[in-house]
Amino acid sequence: MKSETTPDPSASSVLGSEEVGMEDMEDNLPIELTNRIGEIFRESGLTQEKFAAKLGVNLSTLSNYLLRKRRPSVEFIVRLCNSFDVSPSWLLLGRGSAVSGGPGKDARFFFVPVLESRVTAGPEGELLCENVSDSYPFQHWWIERLVGKDPHRQESLRLVRIRGDSMTPTINPGEMALVDTGEAERTKVRPGKIYLVRQPDGGVAVKRLVLNENPTRPSLVCMSDNPSFQPFAIEIEADKGVPYYVLGRIRWVGKEID
C-alpha cells in the first residue's frame, strides 16, 4: 500500500504496537489517581451529574472511577485534562503543577496522549493503558485535515509504541504510531489499510485488514508487510461486532499512512 510523505505535523521535526499484551486493568489501580480525579471534581463546583456529562460518561461510570471499582479509560483521562486544563503528568504521576501550562495553551497545537506501556482493549474495544506517560503536540491544522474539527473525534487520537516487526519496512519496532480510535474508523474496515486489532489470544497487534463478509462466518483477514509472517483470519463471533476487534486505524508513523 502507498504511504504519502508529508511535512512533519508534530511540533518539532522529530517524534521521539505491534504486540501489546492484555492485562487486568482493575488490578493495582493507584489510589493517588483516584484521589486526584476526586480533587478535580470537588474543585470544579459541579454536581456529579454535570461533571459526568461534561466528560462524556454516565453517572455510574464516574462513581466506579471515584470508588476505584473501574480503571478510567484513556478517553476519560484526555477529556478530563482538556476540559479542566489539568496536566497529564500531575494527574497520572503526581509530577509538577496540576495546571497545564506552556505550549498546551497554544491554539496552534493539539496534544495527543502517549501510551508508553502495553495497551489493552476494554469490553467495547476502547483502548486502555496503565501509563499515559505524556502528551505530544501536533499542529492543529494537520489534525483538522486528518479527522476534521469535531473535538470528540480529535480526542480519539492516541500514540502507541510499536514493539514487533511484522509490519516492517512500513512500520518499524520502536516507532510511535498515531492511532485513530474514532467510531467511524472502527465500524467500517477499509480494505488493505493498517489497523490496531485485537487478536484471538487476547493480544493486540498492528495488521492490514480485509473484512470477509461471509454471512455465516464473517472474519477479519490479517496481513503483515513483513513476508516472514503469514496471513491469518479472526472469526467475528456472533455476539460481537467489528468494533470489538478493530481498535483503531494507524494514520501516521513519522509519515502519513493512507
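Just after helix α3, Arg 68 takes a positive phi of about 60°. This is a predicted model, where local features need pLDDT of at least 70 and side-chain atom pairs count only at pLDDT 80 or more, while totals for chains, interfaces and linings use all residues. Residues are numbered from 1 along each chain as its sequence is written, and side-chain values use heavy atoms, leaving out hydrogens and water.

Let's look at α3 itself, which covers residues 59–66. Helices here are DSSP runs of H or I with at least four residues, and strands are runs of E with at least two, numbered from the N terminus. The buried residues of α3 are Thr 61, Leu 62 and Tyr 65. They sit on the same side of the helix because they cover an arc of only 100° around its axis, going by the directions from the axis to the C-beta atoms. Buried means under 20% relative accessible area, exposed over 50%, and partly exposed in between (1.4 Å probe, protein chains only). Their cover includes α1 (31–44), α2 (48–54) and α4 (74–84).

Now for Ser 156, in the loop between α7 (151–154) and β6 (157–161). Ser 156 is buried, at 7% relative accessible area. Beyond neighbours within four places in sequence, Ser 156 is in contact (heavy atoms within 4.5 Å) with Val 179, Asp 180, Thr 181 and Gly 182. Here are some distances:

| From | To | Distance |
|---|---|---|
| Ser 156 C-alpha | Thr 181 C-alpha | 5.2 Å |
| Ser 156 side chain, polar atom | Gly 182 backbone nitrogen | 3.4 Å |

Ser 156 and Thr 181 are 25 residues apart in sequence.

Conventions
Polar contact = N/O pair within 3.5 Å; in protein donor to acceptor, adjacent residues only side chain to side chain.
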